[in-house]
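Here is a short note for a colleague who is opening this entry for the first time. Please read the points in order.

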Amino acid sequence: MSHTTLLLIAAAGVATLLLLILRAKVQPFVALVVVSIGVALTAGVPAADLVKTIEDGMGSTLGHIATIIALGAMIGRIVELSGGAAAFAHSLIDRFGSKRTPLALTVAGFVLGIPVFFEVGLIILMPIAYGVARASRKPLLVYALPMGAAMLTVHAFLPPHPGAVAVAQAIGADQGLVLLMGIPVTAVVILLGYLISRRMTRREYPMDPDLHAEIYGEETTLEAAGAPGTPGTPGGSTPQADDGGHGTTVLTKPAPTTTTPAVRPPSFGTVLTLIVTPILLILAGTLGQNLLADGSAPRAVLTVLGAPMVALLIDVALCAYVLGARRGWDRAHIASVMTSALPPVAMVILVAGAGGVFGKVLVASGIGDAIADVLDRSGLPALVLAFLTALALRAAQGSATVALITTAGILAPLLQRADLSTGQLSLVALAMGAGGLAVSHINDAGYWMFTKLAGLDVASGLRTWTVLTTVMGVLGFGLTAALWPLV
């Protein structure tokens with residue numbers, strides 16, 4: 001089959017995928033599997049090999065990332081339900097002082113965004129933003145905008161978040177190097193985003209009257225009015241929306257996080273230590289493999305401890321003991337908390353696996369080589385192609401996770417023949433993350449979640465949230481490009 005025919009099949013497959021997700025509202029996991037089967041058969045993959053191709057794609061992907069995503073979710077859940085996340089944010093506010101509260105919440109979004117999924121992080125931190133906005137009488141957006149953008153940046157760039165983990169596995173990047181370079185890149189992007197948001201929030205934007213009343217003390221609130229569908233009112237419920245790969249998104253305002261009065265919340269140092277422990281272990285493993293002699297005992301130990309799965313497993317045990325057992329949780333409750341972390345990420349894991357199937361089909365059918373030939377002839381560097389492809393898919397279908405997984409599948413054959421170093425592949429992974437961060441708009445459930453919780457209308461959300469995430473994505477790509485000559 002000619003390269004032109006294979007490319008047309010690939011284009012039709014991507015177009016069908018977008019139509020199924022956007023128009024037909026098909027769940028992304030189902031859409032990816034259906035499109036993968038259709039592309040495989042159309043491109044000439046023998047029917048007898050179809051099932052094996054799907055199993056190989058799903059197995060090779062989930063064998064690496066399913067455990068990492070699940071363990072990361074457990075850590076975030078324990079930190080959340082122990083009251084550690086809220087206590088950490090309040091400690092930062094106290095340390096930074098009232099004048100720097102927006103920066104304190106931005107730092108909290110950055111640090112807590114590492115173990116906690118974006119949606120959960122907003123639910124935890126937004127009540128704190130409400131409280132400081134009420135106390136200061138300043139617009140809520142001053143606090144919420146940089147904080148939310150910080151958490152979304154971490155979600156797009158860094159493991160153990162599903163998109164970043166799947167990209168690293170698909171293109172062969174080292175997760176330790178992704179963290180080693182990604183953490184400073186992410187920190188700089190978040191700091192620049194904070195400075196940009198300060199300028200953006202100098203003007204006030206229209207705010208939902210009910211939310212304004214709740215925060216700033218007018219008489220009529222959602223609860224007082226007994227609005228249908230409001231949590232805590234008769235017949236009320238918490239509406240949810242699938243974000244196409246991020247997990248469950250809660251689209252109503254969050255209730256304040258509370259802890260048992262008799263138990264003091266975890267200290268700032270405790271929470272910070274537990275968050276950075278797996279990061280330090282993974283980085284130690286990467287440094288050990290690069291600096292220590294092959295076959296030495298210290299290298300072997302660091303290699304095991306620095307494996308992402310082992311590092312996260314150690315941290316789960318530490319969190320269960322330090323935040324759970326030592327503070328009065330019995331073993332049944334600890335097990336229940338860990339179990340409760342899994343349902344929200346189950347679909348994330350399946351979507352990542354389906355993305356692996358799509359990538360496997362592209363390789364098995366020869367489409368991957370055809371795409372690689374065309375991209376080679378385009379003359380664009382791999383870093384630019386990674387950013388632009390992820391950005392286009394993010395803008396088209398909304399989910400950062402789906403955009404990153406699909407981009408990795410499309411570009412993997414090109415990257416394999418490009419003979420890039422491990423460091424360069426890690427920068428390519430970060431460039432994809434920059435594309436996945438940008439252009440969060442009306443087809444992204446994260447956009448609706450943030451604007452709902454911040455009380456913004458559609459136009460104000462586009463002028464603030466969408467513009468800020470896009471600028472931060474471009475800045476993130478610029479920083480990865482600046483690092484390219486150094487690796």
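1. Contact, as used here, means heavy atoms within 4.5 Å. This is a predicted model, in which local features need pLDDT of at least 70, side-chain atom pairs count only at pLDDT 80 or more, and totals for chains, interfaces and linings use all residues. Residues are numbered from 1 along each chain as its sequence is written, and side-chain values use heavy atoms, with hydrogens and water left out.

2. Confidence. The pLDDT is the predictor's confidence in each residue, from 0 to 100. The protein averages 85, and 91% of the residues score at least 70. Residues 219-261 fall below 50; beyond near neighbours in sequence, this stretch has 88 contacts in the model.

3. Thr-53. This residue lies in helix 3, residues 47-81. Helices (H or I, at least four residues) are DSSP runs, numbered from the N terminus. Is Thr-53 buried or exposed? Thr-53 is buried, at a relative accessible area of 9%. The cut-offs: buried is under 20% relative accessible area, exposed over 50%, partly exposed in between (1.4 Å probe, protein chains only). Leaving aside neighbours within four places in sequence, Thr-53 touches Val-45, Lys-360, Val-361 and Ala-364.

4. Salt bridges. The term means a side-chain nitrogen of Lys or Arg within 4 Å of a carboxyl oxygen of Asp or Glu. Side chains of opposite charge can pair when their charged atoms come close. The whole structure holds five salt bridges.

5. A pair within helix 3. Glu-80 and Arg-77 form a salt bridge, 3.2 Å from N to O. They are three residues apart in helix 3, so about one helical turn separates them. Glu-80 is buried at 16%, whereas Arg-77 is partly exposed at 25%.

6. A pair between helices. In the salt bridge of Asp-369 with Arg-417, the closest N and O atoms are 3.7 Å apart. This pair links distant parts of the chain: Asp-369 sits in helix 17 (residues 367-378) and Arg-417 in helix 19 (residues 400-417), 48 residues apart. Asp-369 is partly exposed, with 43% relative accessibility. Arg-417 is also partly exposed, at 39%.

7. A buried pair. Arg-394 and Asp-444 form a salt bridge, with the closest N and O atoms 3.1 Å apart. Arg-394 lies in helix 18 (residues 382-397) and Asp-444 in the loop between helix 20 (422-437) and helix 21 (445-454), so the pair ties together parts 50 residues apart in sequence. Both Arg-394 and Asp-444 are buried.

Technical notes: Helices (H or I, at least four residues) and strands (E, at least two) are DSSP runs, numbered from the N terminus.
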